[in-house]
Amino acid sequence: MRRDTKGAAPLRAPAVGIIAPAAVRYATASEELRQALLPELVAGRARWISMDGLDIKHTQRHGRLLRTAASYRPGLSSVLGVPHTAILDWSSTGSTTVAALAQFAVLVPWLIDQGAVVVCVEPSNRDVARCLEQGALEHVLNFRWVDNRPTLPISRGDESSMSLLGATRISTLSQRPAGAVDLLASPLVLDLRHSADTQRAHKEQAGAASALLGQSGVSLGLRDAVSSTCSALFLEVVANALTHSAGNWASAAFGVLNEPEPRLEFAVADDGIGIGAAMSRRFGLWGVHRIPERAWLAALFTDADVDGRRGILGRGATLLMREIVSLAPGAEINIRSGGASLHLGENLLRPGIAASASHGLGTVITCSVPLARRA
Amino acid sequence: MNTRAEDIFAIRELAANRTTFMDEEDVAGLEPKLWSQLKQLREGATLRVSFAGVKMASGAARKLLDRVLRRIQSGELRGRGLVLDDLSRSVSYNIRVMLLSEKLCAVARVDGAPPTLLGDVEEALKSTFEFVATRDDATARDIQDHFKLNTVAAATNRLARLQRIGALRRDGPRPLEGGGIEYVFQAVAR
């Protein structure tokens, strides 16, 4: 069954849409589309990007997305005025995470900025669709939605009528066997390039989202202190992305992660220069830009002496991260910046194994706090 | 002396109903206003900085409060006090991490609770302040009795340190029966 919720106007570039030919069944839509686009793919006018790296089963591979984005180069066609097409294939991705959705919300406008037409194929996960439909992307992009399945996309009207209590109730705490993540609000998509007015509007949105996150935490049974610290950390991390990332796009999302056990999770992603380079810019430590990103990340949490300047690190967000893992047993913080990553948990600080420690490629910060399972 | 007279510095109103402050730029215009209002305060009065309806990240809090608190704690604003009021829990966390990293502390009311000290401060000083804030005033002997300290000098030391950081103001001296003098301390907010 074909469902067209946004009218049938032809796709115009730049645009993002979810398409599947009417005659193609859902199960085979992806493969048939690939076959149909084979000449374009062979000619280099389109690029097929599998999103299975964002599957919840492959969280260790999530960093690949940003590397894919950083390596994305539209073909000659875009230079000649013919839009290059980036096809984001969700067909083999079952469930995903909040962090993955935040990265996705950064990736799409990033690709558009590169002159690409973005086509999302088979976003079977409801929140992926929601990310596209309601994540403010339709305001910044020429958005069009064509879905081929009789699903129940959440319209903006439904969203506005959904109370916080309702959003909480539909979460997995009621044992609903839904996708892995239930976003508690539409993801914020922050355009970092625009005017002071735009920035101000983004900040107000982030402030409201921070408050909603705090209230959600309490509704979901978190202690006041944990919930308030999460809310405070969310604001700090968004502030860092807005102020220090030097990127074009950032995204913030929060929701309930259902598998393998209920957790409140929020994530902030950006396509900026990375923590190491941002710290160098901020503190004028130009000489330390060669220090690997993973050394910066470790230094943030170990009070290490970097370039003889002790005490400049960990002034805001990192203190709150430490507090969350000490306040909430089982809480986890993951930071991925450039080619490096760091995991912070209870009595645990584990720098990730990075294939290469490079600056840039953006930053993704995820905080996850366990929720008590209700009957 | 009109004790605990409070003027209000309402951030939201002064920032044209803006509610979220993320970075230094957002509060750049507020810091001079705050300093100016503090200087105009008469001696013995307290300026209540109201965070009602406001979300603030640590970067903005640093810009707004860092210099002001340092100048208060250097004794530049003799007898005048500052209290951070109407703080929600989450904003108090953002401000606290700023104060911790800058090794500062401030008097604050969080979630409508009685005033406390926020930031980089010893537990003994914090509890002493909270005790003084429950009373009209307190002397070193009151502190010694309440906390069962061995010497009155230890109590005096606590009060003097709280005065230096701008949490208490000192009145007196007044003569003691049997000779000697004593100072009376009042919390800048209660």
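This is a predicted model: local features need pLDDT of at least 70, side-chain atom pairs count only at pLDDT 80 or more; totals for chains, interfaces and linings use all residues.
Me: What makes domain 1 of chain B and domain 2 of chain B count as touching, and how many residues take part?
Reply: Two residues are in contact if their C-beta atoms, placed from the backbone, lie within 7 Å. By that rule, 17 residues from domain 1 of chain B and 17 residues from domain 2 of chain B belong to the contact. On the side of domain 1 of chain B, strand 5 (81–87) gives the most, with three residues. The classes on this side are nine nonpolar, seven polar and one charged.

Me: Why are helix 7 of chain B and helix 8 of chain B called roughly perpendicular?
Reply: The axes of helix 7 (residues 140–147) of chain B and helix 8 (residues 152–164) of chain B cross at roughly 110° and come within 8 Å. Angles of 65 to 115 degrees count as roughly perpendicular. The two helices of chain B are therefore roughly perpendicular to each other. Helix 7 of chain B passes helix 8 of chain B in a right-handed crossing.

Me: Which residues of helix 7 of chain B and helix 8 of chain B meet?
Reply: A140(B), R141(B), I143(B) and Q144(B) in helix 7 of chain B meet V152(B), A155(B), T156(B), R158(B) and L159(B) in helix 8 of chain B. These residues divide into five nonpolar, two polar and two charged.

Me: What makes strand 1 and strand 7 of chain B edge strands?
Reply: The open sheet of chain B has five strands in the order 1-3-5-6-7, with mixed pairing. Strand 1 (6–10) and strand 7 of chain B each have a single partner strand, so one side of each is left without a neighbour in the sheet. Neighbouring strands of this sheet are turned by 35° against each other on average, direction ignored.

Technical notes: Residues are numbered from 1 along each chain as its sequence is written. Chains are lettered from A and ligands numbered from 1 in the order in which they are written. Axes are lines fitted to C-alpha atoms, for helices over the stretch in contact, and angles run from 0 to 180 degrees between N-to-C directions. Helices (H or I, at least four residues) and strands (E, at least two) are DSSP runs, numbered from the N terminus. Angles under 35 degrees count as roughly parallel, over 145 as roughly antiparallel, 65 to 115 as roughly perpendicular and the rest as oblique. A crossing is left-handed if the near helix is turned anticlockwise from the far one by less than a right angle, and right-handed if clockwise. Ala, Val, Leu, Ile, Met, Phe, Trp, Tyr, Cys and Pro count as nonpolar, Asp, Glu, Lys and Arg as charged, and the others, Gly among them, as polar. Two strands pair if DSSP finds at least two bridges between them.
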